[in-house]
Amino acid sequence: MKNSHLPALLIIAGLFSVLFSSCELMENLDPESETEKITRIFTSGSPWKLDTLNLKTDLFSGGNSVITSDTTFYNYGTIEFLDPAAEKNPGYNTGYLIHRYSENGSAKTDTMAWAPYNHNSGSDNHITIFFRNSPGADFVVGAWDMYLDKIVIEDKKLKFEGWRRETLPGGAGGSYGSFRSYSLSR
């Protein structure tokens, strides 16, 4: 009796082996791109808690940076990343980024746009955040943009930061800089 079950068990074991190897094979044939990975991590389980937001400005000239302001906000509300592929989005392959927080006891909401890559070059090395210049203005075209380095991108923790520099007017030979650093968690 024991020997009659052996062929059936071998067939079942073989089927499980083929099933598991085909799943691995499919994953290798169609791996998730970096942009898809960033979009999935940022949007699934959103909103994120904004643990810290650090803002700095500086004047950079002759290889020296002089910090002109440095402010850090702790437990500064939530940030929700909406998928750039969502039906309602700002356009231009971007999604909405919604920051909800409290300031002086009043609830506030800032809405921006974001892209899970360097929007200018398409490089996966950065993410892009767009800040509208005025209410009612386009979220992307003509907006002030920042390309932020991806420091930590994990399912429960995000950290990205970067500088944006603009040449000082009048041929002064330096630049004005603006820095942002975001640390988020679930």
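Mentor: A residue counts as buried when its relative accessible area is under 20%, as exposed when that area is over 50%, and as partly exposed in between (1.4 Å probe, protein chains only). This is a predicted model, so local features need pLDDT of at least 70 and side-chain atom pairs count only at pLDDT 80 or more, whereas totals for chains, interfaces and linings use all residues. Residues are numbered from 1 along each chain as its sequence is written, and side-chain values use heavy atoms, with hydrogens and water left out.

Trainee: Which residues of helix 2 are buried?

Mentor: Helices (H or I, at least four residues) and strands (E, at least two) are DSSP runs numbered from the N terminus. Helix 2 covers residues 34-43, and its buried residues are Ile 38, Thr 39, Ile 41 and Phe 42. With contact taken as heavy atoms within 4.5 Å, these buried residues pack against strand 1 (48-61), strand 3 (78-81), strand 5 (106-115), strand 6, strand 7 (144-153) and strand 8. After helix 2 comes Gly 45, whose phi is positive, near 80°.

Trainee: How many helices and strands does the chain have, and in what order do the elements run?

Mentor: The chain has two helices and nine strands, and from the N terminus on the order is α-α-β-β-β-β-β-β-β-β-β. Of its 186 residues, 30% count as buried. Among contacts between residues at least 6 apart in sequence, 46% join residues at least 24 apart.

Trainee: Where is Thr 128 placed, and which residues does Thr 128 touch?

Mentor: Thr 128 belongs to strand 6, residues 126-131, and counts as buried because its relative accessibility is 0%. Leaving aside residues up to four places away in sequence, Thr 128 touches Ala 113, Trp 114, Ala 115, Tyr 117, Asn 118, His 119, Asp 145, Met 146 and Tyr 147. Two of these neighbours also meet the side chain of Thr 128 through backbone atoms: a polar atom of that side chain lies 2.7 Å from the backbone oxygen of Tyr 117, and a polar atom of that side chain lies 2.9 Å from the backbone nitrogen of His 119.

Trainee: How many salt bridges does the structure hold?

Mentor: A salt bridge is a side-chain nitrogen of Lys or Arg within 4 Å of a carboxyl oxygen of Asp or Glu, and the structure holds eight of them. In one of these, the closest N and O atoms of Asp 155 and Arg 40 are 3.7 Å apart. Asp 155 lies in the loop between strand 7 and strand 8, while Arg 40 lies in helix 2, so this pair ties together parts that are 115 residues apart in sequence. Both partners are partly exposed, Asp 155 with a relative accessible area of 49% and Arg 40 with 36%. A network of salt bridges links Glu 32, Arg 40 and Asp 155.

Trainee: Which strands hold Asp 145 and Arg 164?

Mentor: The side chains of Asp 145 and Arg 164 meet in a salt bridge at 2.6 Å, N to O. This pair links distant parts of the chain, with Asp 145 in strand 7 and Arg 164 in strand 8, 19 residues apart. Asp 145, at 16% relative accessibility, counts as buried, whereas Arg 164, at 23%, counts as partly exposed.

Trainee: How many aromatic pairs does a search of the whole structure find?

Mentor: Rings of Phe, Tyr and Trp (its six-membered ring) pair if their centres lie within 6.5 Å; planes under 30 degrees apart count as stacked, over 60 as edge-to-face and the rest as tilted. The search finds 11 aromatic pairs. Phe 73 is partly exposed at 27% relative accessibility, whereas Tyr 76 is buried at 13%. The rings of Phe 160 and Tyr 182 have their centres 5.1 Å apart and their planes at 25°, so this pair too is stacked. Phe 160 in strand 8 (residues 157-167) and Tyr 182 in strand 9 (residues 174-185) are 22 residues apart, and the pair links distant parts of the chain. Phe 160 is buried, with a relative accessible area of 1%, and Tyr 182 is buried at 3%. Ring pairs join Phe 42, Phe 81, Trp 114, Phe 160 and Tyr 182 into a cluster, and Phe 42 is also one of the buried residues of helix 2.

Conventions:
A polar contact is a pair of N or O atoms within 3.5 Å; within protein, one must be able to donate a hydrogen and the other to accept it, and residues adjacent in sequence count only if both atoms are side-chain atoms.
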